Structures are given as C-alpha cells and as structure tokens.
Amino acid sequence: MRRLIPVLKQDGVDTDLIMLVRTILAASKEIAFRVSQGELAGILGSTLNENIQGEVQKKLDVLANQLIKEMLLDDESVRAIASEEEEHVVAGHSTGRYIVAFDPLDGSSNIDVNGQIGTIFTVYPAREDVAYDSCQQFHQPGINQLCAGYILYGPSSLLVLSTGGPTRCYTLDLTHGGYLLTKAQMNVPRDSCEFAINMANYRHWSRVTQAYFDQVLYASERFRHSSVRWNAAMVGDVHRVLSRGGIFLYPEDARLGNETGKLRLLYEANPLSLLIEKAGGKATSSGRRTLEIMPKDLHQRVPVVLGSVGPVDDFNSAVFSA
Ligand code: FBP
C-alpha cells in the first residue's frame, strides 16, 4: 500500500503544500483518537457557548477547532485561517504562502449518537493585494482552491483529498498511524436514483422544489426505484455519493437563517464541490457552478445540489427553468 507523501510527491505537489497537509492530518489523527475514545475521553456533550452560527458548541467542536488552529498557527506557510467555530479571520504569518479554511467537526448532531462525523479543509493561495489578516483573503472563488479534503471519522478513518488532480481516498492505518492509499481515483457514476435530503424540511421549501419532490416520490420514472439516505453529516453523505453515486441536496428554505441555504460556502460547499468535480460529478448552487461563486462573507450560506451529473441536471432543469 502506498503512503500519502510519496503519492503527493509523484503528483508534483509543492513541498510546502505537502507539509501543510501533513500539519492538518497530524491534528486529524489526534481528533480520530479522541473520537474513538468517546465518553472515555470526556468529549461527548455540549458546552454552554454558542458559535457565530448561533449553534450550541459541542465539546468536540471546540476541541477539534483548538487542535487544528494551534497546529496551523505553528506553520509558517499559513498566512490566515478561517473556521466554522471562529467568528473572524485568525491571523497567521504575514509572509505565509497559503490561507486555510476548515470545518473542524462536520455533523455535530451525530457526535453524541456515535454517528459519522468529519473534518473538512481547503487551502487557497494567499492574496498579495489585501492585508494578510483581512477577511478579503478568503474572497476567492472555489476554482482557486489548491487542495481540498475531508477526514471521515467512521468505522475506519478515511482521508479523501484532491490537490487539483484526481480525488483519492486514503485509510488511516492504526498499526503505524499513517494514511495509506486505498482508492487512487474516486469516480461518481453518471446516474443513480439514490438521493440525500432532509425531507422533514419539505414544508419550508419553495413551491417549485416541493413540486419536484412530489414528482420524485409519486411520478418520476428516473426515481421509480429510488432510495433515500440522510446521514445528517454532509461528509458522510458526500462520501457515499463519491463511493457509489447519487445526489445530495440542501436547498434554501423559509426558516430564519436558511433563506440562502444552511451549508457554508467557504469550508463546506467549496471543498466538497471540488472533490465531487474531480471525481466526474457536478456541484451546483441555485443552478450555477458552485466553484465560480465569489464569496462575500466568511460564513456565507448557499444552497447545495451535488453528485451524479444525471440527477443534478434533472433537478436544476426542473427547478431553475420552471
Ligand atoms: P455542522 O455540523 O458542521 O454544523 O454542519 C452542518 C450539518 O450538520 C451538515 O453536516 C449536514 O448535512 C446538515 O447540517 C444536517 O442538517 P439537518 O440537521 O437539517 O438535517
């Protein structure tokens, strides 16, 4: 089995970027260990604090954020950091080549029920035309990402990563603590009738989205043999789509705060969209390519529709050309 670093070297990845990925993965191994210890490590349950999203922070949200942030700030190649758990940009090294955005713990509602959770990260080139610690560092479209990945903490801990080339999957080998290549190229099948959406939000959706899912459930031939899967952790749902196809959707809805969607562009939608595209799938937001959206805010929310090209096109043509 091939190790991560020789694969990245063979992919021609810049040495500084390889070192930065190693820094993020060192934190992920510590998180993977704590997650596997669960209550024994005292990491279950909530704190009394709310984050910028208005969500009650879980102990593991705070721990994972602290671990990753501290390790990144020790890395001189990091100019600035953005995190789901940090209201503002965290300044790094003013001459650093990179900026990093991350969701330290995706799927927080799964923590206390031993469900799948993950860490999502993305690296961009630092901008020279704005202050090193300005939030404008992160006002870059997803197509500028140098690398994106997630670590899925599940029955096994998996790293899924693209450095601009194929989306590859690595498994954390607990015998020597390193990530080994277990899938050189992930491919999203063009078609599938498996879909992931929180159907309980139906009443809050636009009339045209409701009409689309009425079709899916009661009339559509494409979805005659469909099945629903909802993991409540985007990393878990997207990993299934990368592994066997399907479509993942989190549309905007009428609930307060969800008018432009629930999921965050910078550290959820963009990195996962890059992985999907590099695996031959499609990733859209309001019918447009997600990776071309110019971010306006660190914690900006967007609607997300991604996965197999067939069902993604089917949804977008039905909803956005209605
Ligand atoms: P966080 O856990 O990082 O806040 O992420 C949001 C998220 O948990 C996604 O991972 C998941 O797809 C979605 O929210 C689940 O939403 P809902 O609770 O509405 O089903």
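Tutor: First, a term: a polar contact is a pair of N or O atoms within 3.5 Å. Keep in mind that this is a predicted model.

Student: How far is an oxygen atom of the ligand from an N or O atom in the side chain of D103?
Tutor: The cut-off for a polar contact is 3.5 Å. The D103 side chain has an N or O atom inside that limit, and its distance from a ligand oxygen is 3.0 Å.

Student: And what is the distance from an oxygen atom of the ligand to an N or O atom in the side chain of Y250?
Tutor: Y250 is among the residues that come nearest to the ligand, along with D106, G107, N198 and M234. From its side chain, an N or O atom sits from a ligand oxygen at 2.6 Å.

Student: How much of the accessible area that the ligand has on its own does the protein cover?
Tutor: On its own, the ligand has 470 Å² of accessible area.

Student: Which strand gives the most residues to the shell around the ligand?
Tutor: Three strands each supply at least two shell residues: β5 (98–106), β13 (247–250) and β14 (263–264). With 3 residues, the top contributor is β5.

Student: By class, how many charged residues does the shell around the ligand have?
Tutor: There are 18 residues around the ligand. Of these, 8 are nonpolar and 3 are polar. The charged residues number 7.

Student: Is S162 buried or exposed?
Tutor: S162 is found in strand β8 (residues 157–162). Beyond its sequence neighbours, its contacts include L146, C147, T167 and L275. Buried means under 20% relative accessible area. The value for S162 is 0%, so S162 is buried.

Student: Which residue's backbone oxygen does the side chain of S162 reach?
Tutor: One reach of this side chain is to a backbone nitrogen, that of G164, at 3.0 Å. The backbone oxygen is reached at 2.8 Å and belongs to G165.

Student: With which side chain does the side chain of R79 make a polar contact?
Tutor: R79 is in strand β3 (residues 78–83). At 6% relative accessibility, R79 is buried. A polar atom of its side chain lies 2.7 Å from the backbone oxygen of G96. The side-chain partner, at 3.1 Å, is E128.

Student: What is the phi of A232?
Tutor: Most residues other than glycine have a negative phi. A232 lies in the loop between β12 (227–228) and α5 (234–244). A232 is not a glycine, yet its phi is positive, at about 65°.

Student: Where does S286, with its positive phi, lie?
Tutor: S286 is not a glycine, and its phi is about 55°. Its relative accessibility is 40%, so S286 counts as partly exposed. S286 lies between β15 (282–285) and β16 (288–289), in the loop.

Student: Which residue has its backbone nitrogen 3.3 Å from a polar atom of the side chain of H176?
Tutor: H176 sits in the loop between β9 (168–173) and β10 (178–183). At 34% relative accessibility, H176 is partly exposed. The backbone nitrogen in question belongs to G178.

Student: Last one: what is the relative accessibility of G261?
Tutor: G261 is in the loop between β13 and β14. Beyond its sequence neighbours, G261 is in contact with P251, E252, R301, V302 and P303. G261 counts as buried because its relative accessibility is 0%.

How values were computed:
Residues numbered from 1 in each chain as written. Predicted model: local features only at pLDDT ≥ 70, side-chain atom pairs only at ≥ 80, totals over all residues. Heavy atoms only, no water. Near = heavy atom within 4 Å. Polar contact = N/O pair within 3.5 Å; in protein donor to acceptor, adjacent residues only side chain to side chain. Areas by Shrake-Rupley, 256 points an atom, 1.4 Å probe, with all protein chains shown as cover. Helix = DSSP H or I, 4+ residues; strand = E, 2+ residues; numbered from the N terminus. Nonpolar A, V, L, I, M, F, W, Y, C, P; charged D, E, K, R; others polar. Buried < 20%, exposed > 50% of the residue type's maximum accessible area, 1.4 Å probe, protein only. Contact = heavy atoms within 4.5 Å. Lists of a residue's contacts leave out its neighbours within four places in sequence.
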